[in-house]
Each structure stands twice: as structure tokens, then as C-alpha cells.
Protein chains: 2
Amino acid sequence: MANKPSIPKGTRDFGPEEMAKRNYIFDTIKHVYALYGFQQIETPAMETFHTLMGKYGEEGDKLLFKILNSGDYLKTISDEEILQRNILKLQTKLCEKGLRYDLTVPFARYVVMHREELHLPFKRYQIQPVWRADRPQKGRYREFYQCDADIIGSDSLLNEVELLQIIDTVFTKFGIRVQIKINNRKILTGIAEVIGEREKIVAITVAIDKLEKIGLSKVNEELRSVGISDEAIDKLQPIIKFDGSNEEKLDVIAGVLKDSEIGLEGVNELRFILSKLKLLNLQNETQIDLTLARGLNYYTGAIFEVKALDTQIGSITGGGRYDNLTGIFGMQGISGVGISFGADRIYDVLTTLDLYPKESVSGTQVLFINFGDKETAYCLPIISKVRKAGIRAEIYPDSVKMKKQMSYANAKGIKYVALAGETEMNVNKITLKNMISGEQTLVSSEELIKYILG
Amino acid sequence: MANKPSIPKGTRDFGPEEMAKRNYIFDTIKHVYALYGFQQIETPAMETFHTLMGKYGEEGDKLLFKILNSGDYLKTISDEEILQRNILKLQTKLCEKGLRYDLTVPFARYVVMHREELHLPFKRYQIQPVWRADRPQKGRYREFYQCDADIIGSDSLLNEVELLQIIDTVFTKFGIRVQIKINNRKILTGIAEVIGEREKIVAITVAIDKLEKIGLSKVNEELRSVGISDEAIDKLQPIIKFDGSNEEKLDVIAGVLKDSEIGLEGVNELRFILSKLKLLNLQNETQIDLTLARGLNYYTGAIFEVKALDTQIGSITGGGRYDNLTGIFGMQGISGVGISFGADRIYDVLTTLDLYPKESVSGTQVLFINFGDKETAYCLPIISKVRKAGIRAEIYPDSVKMKKQMSYANAKGIKYVALAGETEMNVNKITLKNMISGEQTLVSSEELIKYILG
């Protein structure tokens, strides 16, 4: 085999078992999204450069997969231009579209293009692959699925409450115990305001985050080393030594931020969200975490992050509130809030903790053994009936040695094997063998159905 | 809005209603594939040029979407090479991967790469988009889904029988009346053999296909005009005037092909398949059609095609048996048989005939009206309970005018609206309004669930 085939680096094939598990994840998330009134949309894999370029920063532009124009792609490029070898400039002439990099920008584009048909608030979910020309490494792929839900056109904090409920419901269904962390961009802004260090909020959260590991004095040292004044560090002390219930924490923050209007707004938002969650008895705990600083250049209100409790894997879901989703396309005033489940990491957590329900990965339920033409003719209508009852059934297509057929059933993890030879045909029955217990029973086709379903 | 966004030509956005309908189609097909023991796989959107190029003919190579290499894509190209502007040669240096053009070549690549893990026979299905840089026109897109199922590693004709059963089951579920047409490549080869015109089999089937439209003498005229001898046309007469039941047709063909070994083999294969179908009482008729000549450079045995009876739209499903799926990648001896449902056309047929079941397109079942903070606090735990019962429920996120909330319910096609104000809260109940009948009932949360589910 001289030309051994391969797939592009950073991409994956998903075989039957992986697909069954992935479908279990996607179906669970879809089901919950739908329970909350979210509607699915899909957008094309390819978007125009106009839609994609400049939306993800300079680094993002580089990581876009670009599609070579069809036909004579050099047509509009002069010899001089080519010989200059200006890679960035030339690519905008060689290509006019690229592969979707995330689901947010295509969603914004969708909203602008379909704004006449949309009835706000619009609750959409979208589960599709995205592509990034990142350097592949463990757990980072060049093609991976995102599972996003967003509500746009409503400023109500009930949306945040519902998204947290969705997170709780999904992970409860998965059987994954999680900690839901919540923060608010306005509180971070308030902190920066109060201590007069607008630029250093990320450095501050990074330092505070180390409290458990390195202790209070080292944290303060680090804060000093990034240029925070002693006075500001003093003001920060109650927040660094942050402990207690969410309510207690909110009181502490409100104290520190008593002179920051925006900071107190953030406190009130968190108070509202947490008070509504209290009514709902979620399975998983929601905890205020001021060091949660994801998407600071994007999120304007609540920020969410979810971590699995029983395995170390980083964030498995995140989200937050943003302003002006569609401003990049010239449509102002559309704000929203959204979350995104990390399907690949959830896959790994479910695998590590062995949490896939048996049914989710089970394929064919019964294999009919093929003893030859006459026996097949006897079995076919029975199999038809069995399938009509909703049972996944196969007949081995070739009349080969029993051993080979049995080994097929084993390889595919099929629990029941049905055998019908001369003896069974004479009494209009089938022998049903349980491949796990080895037990055999002579049954009618109706009994066979009841047996397998039961 | 200077920069009005758009999507690449030939691609589509799918909004909530279209997605619900498309999901209904895909879910139905997936469900039936699984009932027959097929397992899903997925392959990456991008494949290497080595996998893709030369697999779809010269025209196909042109229609591949090619991905520009990341980084300095001109690195390996000299000035002289560029200035030659040899588009085809250059693109293999500018790009090393392309988008999937169909699901068959990626499947063949998958089988070769995973042959150690695969247990043959392998029944796989795959539902994913493919991309072709075709000129877009009505009903032809640059991105569209294929829904393929194949069995490889078994020569048994039972596989053909099961695929026809799958076709029958799927269209019965859809409520689309279809005609299933079947032919066999070996019969066509036999005909060519018998009349000594191996090269003209396509011209012959095209001419015969016109019988109903232009009549026998014109068909014979056409055959003469493409260079078929009078003697050969004489031999073809019984096949041209082809009529009667499948059995009668098979007898006629067997007569004409009595001296062609391969032709008679084809007849026997059809006999076997049709005799087994007789045992299964399919809902739709399967008819022999010798003019069915799809995929002649690919199919080696049975050929299938499905047409809707109640609307004119061309083939909505097709398939057939092939030899040597993986030969292109150096792995010999893997043959198989497969079918592919045309999702876009099925979508159009279901729309034209208005056959979507109501449940398939229904989203949210009940909207809770938002009367303010106190009422929301009352409603939230009730909504939680309602969702736990599997009912898709929303609360309008903002406490705005009733009219606006009602109009949201109407726009989203929500059947029930739930109202809870002072009166309802005092008696621990909810007013449930049926938006179609206008009927209102005062109910407890348990009664509300029963009402909506029942």
C-alpha cells in the first residue's frame, strides 16, 4: 500500500462508538435547549471574508482557513503583485471566503440578514463544527463542534437565570457534578475604578486567583510587583480574603465598591440572579468567583464558567452577557447573553468517569443467524415485525459458519441472537439466546419482541 | 449599513422552521438506519488532496473547494513557477487539502485507515454536508447534506433486499408514495454483449426510455441513428416493448439474454431480490426498469432509484452495488452496496405535499406571561416543574405590555399561554389560555401539565 491515506492534522474520524457517545451529548443538550424554548439554526460552513476578517483579532485572521477561489484565481493579480509576495494582501485576492471560526460571528451575520423575519427576543441554539488553523495538541483540534445558545434582544436578567438552569439541568442529566462559577464584568470594572487601576484588572484577578496556592502575603507581593499601589492593595484586602456564602461575599463587595455606581450595578445583578436561583433548587452549586475573567474584551455583564468537580479538566462550559452583537455589521442595539458547552471536554469527562448510559451506546439489539435461503425466508418477515416494534435488528447477510456470525454479534456488542432452523420452523418459533447469560429460550415472534423490550 | 453582510453564493442559512423540518427528515432516516443495524460515523470536513484528487474525474477536481495552506503558502513556489500561472499545478502547491466532495471517498479512506478495528460486514451510515463549486442554480447548492448508508464486506443480495426495505420504510414514515425502480448493471452488460454493442449501452437506455413519449418506431429510428444495426434492433424489440409484471419482464429479459452468462446472472440477482421482497409486503411498488442507468462507471450489480409519485421532482433516492470501494487507496477486495437519500429534494416534496407532522415543527408549548418580579418568582418553580414533565416552556423575559408578549407567542406558534397575577397567586393556580380556541381555564400546576400533555 504505497499511498497510505491519512487525514489532515488536527482533524478526527469518529467511529460508531464515538458517534453514539457524541450523539448522546448533543441530543441531551439539544433536548434541554428546546425545553427552554431555544430554536435551532444552522449557517453555512463557508462565510465571506467580509464576514470573517477582522472579527477575531490579528491572530484570529491568521487562524482562519481560507478557501482558494474557483477558476483562475490569479486572474486579478498582476505579476508585480505576485512577486512582492505579500502573503496577507495576496490571500484576500486569492480567496474570498473562509471556514467558520466560531458560531458567534455567523450568528451576528444571520441576525442582521434576517432581521425582518426575526421576532425579538430571539432564542437560538446552534451546534455545528468550527475550524481553526491552530497548532494541534492534546485536546485541541482544528475541527471541533461548538454548542451555543443565545438570547438576543432582551436585557432581562431572567435570561441569565435560565441559562444557569440549563447548565444545571444538562450536567444533572449527564451525572457530572459541577461547580458553576459566576462573576460580573461590572464588578471588575468597579474594582478597577475604586482602586484607580483600570488597566490592571486582569493582573489583579490572576494574582487573587493564587490565594489558595501561595497565601495572602505572596498575593499582595505579586500585586505590588505589577505596580498596584499599597493604598489600592489595602482596599483590595476584603476581596482577596474573600470567603463565606454568596450573600456574605456580595456584602463584602458592596462595601468595597460603595463609591462605584457600575460596581454596585454588578452587585445588584448578581443578587437578582442568585435570589432567583434560590427558588429553583438547582442540583449544582453556583458560586461567585471574582477571579473569573474570561472574555473581558467581549462580556459586559454576567460571566459564567463551569468546572467538573470529580476530574480535573478546566472549563467545560462558559458564557456571559455582551452588548452590541451585530454592531460589527452596522446594526446597533442588539445585546444578548449566551452559553457554550464544550462538547469535546464533556466527552472526556463522561469517559473518565464512565458515565455513559448503556442505552446511549447500544446499537443492534438482536442478530438473526443466517442458516441458508429457506431459513432466511422464514426469518425476514419476523425481523420486519420486530423492527416495527422499534427493535434494532439485523440478519447476518451471508450464510457462513455459525462461529463467524456469533463473533460478529460479540464484536458489535449485540445482546440477543435469534436462531431459527428446521426445529424452530416446524413449531413456528425462534430460539432466542442471551449472549451475556448464555440462556436460551424457545419463543414465538410476539414473545421475542416482549422479551427484548422487557 | 454600508457593509451589508451576505453569504457565499450557493450556500444557505437554515432558520428555526427549516431546521425543525430538516431535523425531522434526518431523524427519521437515522432512526430507520439504526433499526437495520447501521452505525453512524463522521469524517472531517477537510480531506488531504491525496484523498480527494483524481477521484471524481477532471471535472470533479475542478469542483473541489481547496483550502489555502496556512502560513507562507508561497514558500515552496519559485518566481518562475508563479509567473507561468499554471493554475492547476500551482494549486497543488498553494493547497494540500480540500473540502469533502461526497461521503463515499471519505468512507473508503476511513475503511482503509481503520481496517484493523473494523469487523466485516460493516454497516455504516453517514449524514454530513458536502461541498461542490458547481454553478449554483435552482435546487443545486454548493453546500448540501448527503445521507448515505452502505454495507461493505458482504456479497449477499440480502443487503440489497434490506436497503430496499429501508427505502420503503423511510418513505412510508414520511407519507410520500414512491415508485422504487431497480435495474442490474449485469443485465445492461448482457444486452450490450448480445447485440455486440458494448459501447452504446447508455445511448440504448436513453432511446428506450423515450418509448412512452415518442412511440416504438421513433425509438427504433433513434437507435439506428446512434449506429445500432438492424439485427441488433430486432433483438432489442422484446426489451423495448417491455411490459407486464416484474416476473414477466424477467422472463422476457432471460429470453433475450439466453446466451449471455453475465446477463443471466443479473436476471437471477433481480429474481432473488424481488422474491424476498414479496415476503415482506412493502408499501411501495418496486419495478424493474432497464432504462435506469445511473452510475454506470461505478455500479457493478443492482442499481436503485426512487421517484415520488405525487409530485414531479426527479430522483429522490438512489444507490447500487459496487466493487472495490477501497481499490483507489490500495486495499483490494472490499465491495459493497449502498443508498443515498436526497434530503433537499425530500424536503421539497414534503413541503409541496404538506406532509410535515405538526409535532415535528412545533417548538415551545407554553409561554408564561411576565407580570413583574413577584409574579415571576411565583412562576419560576412552576415552569421548572413543567419542563421536568418534558414540556417545552418559556417565560417572557421582560415585564412588558401583555400585547407584546402575546404577539411573541403568536409569532412563535405557541399554543398555550399561562397567566399568573394576584388572583391566581392567591389561590395557588394559573390561568391557562389556549391560543387557538381562546378558551381559558384556571388550573393547578399539575393540571396544567396534564392539560398540555393530554
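**View 1. A:Phe174 and its ring partner A:Phe171 in this predicted model.** A:Phe174 is buried, at 2% relative accessibility; buried means under 20% relative accessible area, exposed means over 50%, and partly exposed lies in between (1.4 Å probe, protein chains only). A:Phe171 is buried as well, with a relative accessible area of 0%. Because the ring centres of A:Phe171 and A:Phe174 are 6.2 Å apart and the planes stand at 65 degrees, the pair is edge-to-face. Rings of Phe, Tyr and Trp (its six-membered ring) pair if their centres lie within 6.5 Å; planes under 30 degrees apart count as stacked, over 60 as edge-to-face, and the rest as tilted. The two residues are three apart in helix 7 (residues 158–174) of chain A, so about one helical turn separates them. Helices (H or I, at least four residues) and strands (E, at least two) are DSSP runs, numbered from the N terminus.

**View 2. The aromatic cluster that includes A:Phe171 and A:Phe174.** Over all chains, the structure holds 32 aromatic pairs.

**View 3. The tilted pair of A:Phe26 and A:Tyr145.** The distance is 5.0 Å centre to centre, with 40 degrees between the planes. A:Phe26 belongs to helix 1 (residues 16–35) of chain A and A:Tyr145 to strand 6 (residues 143–152) of chain A, so the pair ties together parts that are 119 residues apart in sequence. A:Phe26 is buried, with a relative accessible area of 9%, and A:Tyr145 is buried with 18%.

**View 4. Charges over the rings of A:Tyr101 and A:Phe272.** The charged end of A:Arg132 sits over the ring of A:Tyr101, 4.1 Å from the ring centre. A:Lys276 lies over the face of A:Phe272, 4.3 Å from the ring centre. A charge sits over a ring if NZ of Lys or CZ of Arg is within 6 Å of the ring centre and within 35 degrees of the ring normal.

**View 5. The axis relating chain A and chain B.** Copies are superposed by least squares on the C-alpha atoms of residues with pLDDT of at least 70 in both. Of the residues of chain A, A:Ile67 comes closest to the rotation axis, at 2.3 Å (C-alpha).

**Notes.** Residues are numbered from 1 along each chain as its sequence is written, and chains are lettered from A and ligands numbered from 1 in the order in which they are written. In this predicted model, local features need pLDDT of at least 70, side-chain atom pairs count only at pLDDT 80 or more, and totals for chains, interfaces and linings use all residues, while side-chain values use heavy atoms, with hydrogens and water left out.
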